[in-house]
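Here are my notes on this one, jotted down while going through the coordinates. Have a look at the model first, then read on.

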Amino acid sequence: MLSLKSVSRALPRCLPRLAVQSQPRFLSTVHRTSFLQQTCKAASTPRFAAFSTSRAAREKEGQVDQELSAKIESELQLEREMRDSEKLPSSLQDYLDSSSFELYDTPGQEEVVLTRKFGDESLRVSFSIADLNAMDQDPDDFRPDPNDPTQDPALYDEDDGSIPESAQSGGANTKGAINVGHTKGGNIKIAPEDRVAPADREDLADDESPPSNEDDEPSFPARVNVMIEKVGKGTLQIETTAQDGEIVIDNVYFFKDAELADAKTAELDWKRRNLYEGPPFGNLDEDLQVLLERYLDERGVNTALAMWVPEYIDFKEQREYLNWLSNVKSFVDA
């Protein structure tokens, strides 16, 4: 009886303790909110406009946009007044009408391609307007070429490319100077045997020669790449330069694989580099050089083409320049 009384008395005192111990204990004292409470709180938060309707916010960020656009428009009008870049000049069109070449000129690209058939041969003549832009180089940026025997690096100063004062002749910049180089001073050291008396110089015939015509300036050199392909027999690639109505051959290559002549991948370019390219054209027999020139002339790579290419480069560069100005203006105005 005593034990039952003891258990019945202790049981009421133990139940509260067990209830307290069964509740989960949180290590953190931070108040936790349920997902439903967070959603309700976010929905009740007032919303405001994230933009401003003030005048300063509606204005363009750039401060010179309108001025730049107006300047480009002025340049466009000036260029259009000087020349019509859309219509092909009659001199250029006449050549295309009389020759067997077909013109491929893609707007926005620098390269221009002419193609034709000659018997079982396919000719591809290509040139680029980049040659015209390459002419706009500052002569002050000239540096002697160590591979050019006519430009002895020993005669140039290592810092600025100019000729040391000790290597310059006293009157090298005067009318009677000879051996003019490609530096700011425009001269190189004159050897004693190179000195010519002023009376014996043809360029010193005072005022006896008629004045030169400024309109007869020589045309700029344009590189013309000629590829002649025979199906299954390979491709002959001839690098030339068109200037002053002449086609001058620079190099002649032969490829059994036509893809190597116009390598468009790194793998093909690597294969081409390991091939024998042949001797320099100037080292060939003179009769062989003449026959190769006649070989090109017979296929339409002649004087007429040499006169047409620089003129067309000038026309295309003008047209591409106007398109470039229009694209820049459209971007600024957008």
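1. A cut-off to start with: a residue counts as exposed when its relative accessible area is over 50%, and as buried when that area is under 20%. Keep in mind that this is a predicted model. Arg223 has a relative accessible area of 57%, so it falls in the exposed class.

2. What does Arg223 pair with? Its partner in a salt bridge is Asp131, with 2.7 Å between the closest N and O atoms. This pair joins distant parts of the chain, since Asp131 sits in helix H6 (residues 130-134) and Arg223 in strand E4, 92 residues apart. Asp131 is at 7% relative accessibility and therefore buried, whereas Arg223 is exposed.

3. The structure has 12 salt bridges in total. Another of them is between the side chains of Glu73 and Lys329, at 4.0 Å from N to O. Because Glu73 belongs to helix H4 (residues 65-82) and Lys329 to helix H10 (residues 303-333), this pair ties together parts that are 256 residues apart in sequence. Glu73 is partly exposed at 27%, while Lys329 is buried at 18%.

4. Then there is Arg299 with Glu298, a salt bridge whose closest N and O atoms are 3.7 Å apart. Arg299 is buried, with a relative accessible area of 7%, but Glu298 is exposed at 55%. Salt bridges also link Asp105, Lys316, Arg319 and Glu320 into a network.

5. Now the largest pocket, with a volume of about 240 Å³. Strands E3 (121-128), E4 (222-230) and E5 (234-243) each supply at least two of the lining residues, and E3 gives the most, with 4.

6. Beyond its neighbours within four places in sequence, Glu111 touches Arg124, Ser126, Phe127, Ser128 and Lys316.

7. Last, Glu102, in strand E1 (residues 102-105). Its relative accessibility is 45%, so Glu102 is partly exposed. The Glu102 side chain makes a polar contact of 3.3 Å with the side chain of Tyr104. Leaving out neighbours within four places in sequence, Glu102 is in contact with Val113, Leu114 and Thr115.

Methods:
Residues numbered from 1 in each chain as written. Predicted model: local features only at pLDDT ≥ 70, side-chain atom pairs only at ≥ 80, totals over all residues. Heavy atoms only, no water. Buried < 20%, exposed > 50% of the residue type's maximum accessible area, 1.4 Å probe, protein only. Contact = heavy atoms within 4.5 Å. Polar contact = N/O pair within 3.5 Å; in protein donor to acceptor, adjacent residues only side chain to side chain. 1 Å grid on protein atoms, 1.4 Å probe; cavity = no way out; pocket = protein on both sides within 12 Å on 5 of 7 lines; lining within 4 Å. Points joined across faces, edges and corners; volume = space filled by probe spheres on them.
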